Amino acid sequence: MSSATITACANCGKSEEENVNLKSCNACHMVKYCNRECQVAHRPQHKKACKKRAAELYDEKLFADPPPQEECPICLIPLINGDKTESFQSCCGKVICDGCIYEMIMSEGKDLCAFRTPPARDDTEDIKRVKKLMEKGNALAFVTLGSCYTFGTHGLPQDRQRANELFLKAGELGCAGAYFTLGQSYREGEVVDVDMKKAKQYWELAAMMGSLDARYNLGVEDYNAGNHHRALKHWIIPARAGHETSLNGVKKGFLKGLVTKDEYANALREYQKIQDEMKSDAREKAEASGMFR
């Protein structure tokens with residue numbers, strides 16, 4: 001039953017026609033109450049159904065189609081999600097694929113930004129640029145500074161706690177990769193205590209924002225817990241978006257009879273399609289050059 005058809009308080013029965021401002025249960029949206037007292041009083045009767053429906057709503061959100069894959073702003077070809085084949089530019093705050101960076105270097109004979117901004121003279125200037133971008137709310141700038149603290153680069157000390165704080169902010173600003181990294185920290189116990197519940201929470205946030213690696217990890221956790229069909233449901237999504245490890249998981253599920261022939265064929269077809277879309281002569285030359293290893 002939808003909330004639109006419910007016109008009376010689930011506890012006391014007062015209706016909207018009695019000039020009562022009814023509010024839906026925030027968790028399940030199945031019932032309405034005229035006040036907090038009625039909601040608390042009705043909780044024992046409603047609790048089981050509420051949890052069930054809230055879980056269904058959450059899963060609808062979790063397994064919804066991922067957002068479109070990001071593109072390189074220069075060549076407009078999809079970026080390779082999760083792969084180290086692109087670079088964040090502190091001058092413009094954008095992520096540029098290695099192919100476009102390679103072509104700029106080859107044509108100009110020097111390492112210029114694809115938007116023709118001179119590179120930072122040193123690490124100090126690079127960090128200043130990153131911090132200016134942070135002031136503008138650039139999520140990737142927070143990730144970049146967090147990575148510097150993680151590894152102690154660019155003249156900054158190694159400080160994983162500070163790095164996690166920056167990753168959290170980046171996630172709040174919309175960076176899926178930052179939430180994925182936080183999930184990794186809780187899985188490995190880096191600075192924080194090992195906490196798989198929190199790891200999964202951050203991976204779920206990352207997955208809903210488009211992180212293929214995070215969704216693959218969720219599939220692994222479900223598979224190891226015996227939730228095989230749920231695991232395959234997770235893996236099919238990134239497999240269709242070009243994630244090879246997830247595709248291998250789908251293949252494993254097909255061989256075990258957990259995935260139908262059509263489901264595997266469709267995943268394989270979509271995987272190959274996005275792989276072809278991410279290719280370009282410039283990217284192949286950049287990889288062959290060894291310049292970005």
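A: Start with burial. Y179 and Y202 are both buried, meaning under 20% relative accessible area, with exposed over 50% and partly exposed in between (1.4 Å probe, protein chains only). The model is predicted, so local features need pLDDT of at least 70 and side-chain atom pairs pLDDT 80 or more, while totals for chains, interfaces and linings use all residues. Residues are numbered from 1 along each chain as its sequence is written, and side-chain values use heavy atoms, without hydrogens and water.

Q: How many aromatic pairs are there?

A: Rings of Phe, Tyr and Trp (its six-membered ring) pair if their centres lie within 6.5 Å; planes under 30 degrees apart are stacked, over 60 edge-to-face, the rest tilted. The count is five aromatic pairs. The rings of Y179 and Y202 are stacked, because their centres are 5.7 Å apart and their planes are at 25°. Ring pairs also link Y179, Y186 and Y202 into a cluster.

Q: Is Y264 buried or exposed?

A: Y264 is buried, at 16% relative accessible area, whereas F254 is partly exposed at 30%.

Q: At what angle do helix 7 and helix 8 pack?

A: Helices are DSSP runs (H or I, at least four residues), numbered from the N terminus. Axes are lines fitted to C-alpha atoms over the stretch in contact, and angles run from 0 to 180 degrees between N-to-C directions. Helix 7 (residues 196-208) and helix 8 (residues 212-224) pack at about 135°, with axes 8 Å apart.

Notes
Helices (H or I, at least four residues) and strands (E, at least two) are DSSP runs, numbered from the N terminus.
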